[in-house]
Amino acid sequence: TILTLDFGSQYTHLISRRLRELNVFSEMLPCTQKISELDFTPKGIILSGGPYSVYEEGSPHVDPAVFDLNVPILAICYGMQEIAYRADSSNVIAGTHREYGHSILKAQKIDGHVDRLFQDLEGSMRVWMSHGDKLAKLPEGFHTVATSDNSEYAAIAHKTEPIYGLQFHPEVTHTQNGTQLLKNFAIDICACKQDWTMDAFLEQEIAQIRELVGETGQVLGAVSGGVDSTVAAKLMTEAIGDRFWAVLVNNGLMRLNECDQVQKDLKEHLGINLTVVDASQQFLDGLKGVSDPEKKRKFIGGKFIDVFEAEAKRIEDKAAASGKAGNINFFLQGTLYPDVIESLSFKGPSATIKTHHNVGGLPERMTNGQGMQLIEPLRSLYKDEVRALGRTLGIQEELVMRHPFPGPGIAVRILGEVSQEKVDIARKADHIFISEIRKAGLYNNISQAYAAVDPSRAVGVMGDRRVYGYIIVLRAVTTTDYMTAEAFEFPWDFLQRVMNRIVNEVHGVCRVTYDITSKPPGTIELE
Ligand code: XMP
């Protein structure tokens with residue numbers, strides 16, 4: 001295990017991710033972690049970057065016991081300044097300007113060789129810098145092992161001990177061959193085994209869940225049929241079987257036949273203890289006369305909580321009647337790494353949990369209102385890792401690769417007021433669009449796609465008659481993080497085929513448009 005001590009840099013989580021890509025297990029803890037309280041002995045330590053200045057009052061510092069462990073240390077950016085500052089406070093100064101962006105790095109040869117850390121990295125490499133402070137001079141006992149255009153001390157190493165400092169960030173993808181550098185550190189210098197696999201992770205997660213929940217504890221969780229909640233639910237089922245209760249609220253705003261399909265997938269194929277609550281009429285009734293997008297979202301979020309809570313009470317009674325001892329005392333949340341706003345800051349992990357907008361305040365109500373403990377088994381994973389875990393759990397490929405779908409569902413894909421008629425039209429058009437995308441083999445090239453309804457009436461001619469119909473807006477985007485996105489470039493004949501099918505098969509529609517807006521300025525959803 002590599003222990004990463006986090007000083008709060010926005011990049012820290014990428015260190016764990018890069019190490020996992022190398023099949024090396026890593027644990028990330030706040031930088032103030034007391035070494036005597038660790039329940040494992042790390043084979044190496046990484047000190048992350050951070051937004052502070054080491055010489056300022058109140059800035060974080062590591063437990064000095066880190067240096068008594070006698071294991072290799074790789075100190076990145078703030079981490080390197082921490083080491084230099086500890087040696088002598090005059091070693092670190094404010095730079096005259098912030099250095100942010102690419103720099104060209106060159107490993108130095110000492111006695112004809114580059115340092116072990118730069119093995120296979122001879123020559124120049126592009127690295128990513130992001131710092132304000134810098135070293136004024138080398139700490140005693142260190143020498144320079146790489147320089148850059150702007151930095152004499154781009155990489156330093158202790159002359160006799162395996163302690164390294166880097167001014168740049170090897171963990172970001174902008175740093176060319178950064179993974180090779182981390183590999184040199186973790187595998188060659190720390191002698192870590194490359195035995196971290198999804199199977200090993202799964203085994204470890206199951207053991208942790210069992211330990212946390214105990215012999216009798218029960219867990220409740222909301223599922224939507226999406227990747228994250230399905231993987232989390234399947235994982236709980238593997239760990240504690242029917243002591244996990246999944247609830248699917250049918251809000252009447254899911255896609256065509258989706259509720260039945262999810263029920264089949266989760267209950268029949270995956271053996272998840274699932275309860276489906278049909279509340280579609282309540283949602284549709286409540287949405288009458290509501291056309292403001294935020295009001296729609298707010299109503300749907302609030303209603304969802306009410307329905308879910310009522311069902312939770314029913315399940316609690318059922319659980320008690322089933323003779324299983326104990327209350328439902330945990331609430332499952334499929335939070336992923338990007339949902340955790342900041343990396344674990346030195347103020348401690350408790351301040352870092354973001355309420356997931358997916359279930360609009362539900363975790364808070366369940367954990368505070370109902371006194372349940374939150375359980376988040378996917379917290380350290382990225383989306384592609386969740387997908388890999390899903391495969392390891394035997395979840396079918398089609399489900400594992402599903403596009404995301406917003407909590408308020410089709411309601412944010414109908415401009416203005418929602419009605420059953422518009423929901424039906426959106427469903428049919430969406431079904432045609434997505435089926436054609438699948439048929440053309442494009443589904444996995446697109447991050448998210450849907451058909452929305454613009455209820456403005458456009459004029460059309462059908463069978464020699466003048467007609468008025470709704471406008472369908474098709475949207476398909478590619479993105480890696482859903483923060484920015486580009487419209488997908490379809491072949492022209494594909495769009496024509498979809499247009500033809502929609503105007504012919506969906507009654508009440510007379511125009512089809514394709515939204516080519518990027519995000520920003522657009523958003524992925526229409527509302
Ligand atoms: P936007 O439209 O903000 O969407 O570009 C970014 C991603 O978030 C999803 N989204 C939502 N998901 N509840 C959700 O659970 C919501 O209210 C919501 N709004 C947008 C959207 O589908 C896209 O994947």
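Biologist: How much of the protein chain counts as buried?

Modeller: Buried means under 20% relative accessible area, exposed over 50%, and partly exposed in between, with a 1.4 Å probe and protein chains only. Of the 527 residues in the protein chain, 54% count as buried. This is a predicted model, in which local features need pLDDT of at least 70 and side-chain atom pairs count only at pLDDT 80 or more, while totals for chains, interfaces and linings use all residues. Residues are numbered from 1 along each chain as its sequence is written, and side-chain values use heavy atoms, with hydrogens and water left out.

Biologist: What is the mean pLDDT of the protein chain?

Modeller: pLDDT is the predictor's confidence in each residue, from 0 to 100. The mean for the protein chain is 92, and 95% of its residues reach 70 or more. Over residues 341-358 the pLDDT is below 50.

Biologist: How many helices and strands does the protein chain have?

Modeller: Both are DSSP runs, numbered from the N terminus: helices are H or I with at least four residues, strands are E with at least two. The protein chain has 13 helices and 20 strands. Its C-alpha atoms fill a box of roughly 85 × 60 × 40 Å, taken along the principal axes.

Biologist: Is helix α1 mostly covered or mostly open?

Modeller: Helix α1 spans residues 12-21, and nine of its ten residues are buried, which leaves the helix mostly covered. Among the buried ones are Leu-14, Ile-15 and Leu-19, but also Arg-17, Arg-18 and Arg-20.

Biologist: What covers the buried residues of α1?

Modeller: The cover includes the strands β1 (2-6), β2 (26-30), β3 (44-47) and β4 (73-76). It also includes the helices α3 (178-189) and α10 (383-392). Just after α1, Asn-23 takes a positive phi of about 60°.

Biologist: How many disulfides does the structure hold?

Modeller: A disulfide is a pair of cysteine sulfur atoms within 2.5 Å. The structure holds zero.

Key. Contact = heavy atoms within 4.5 Å.
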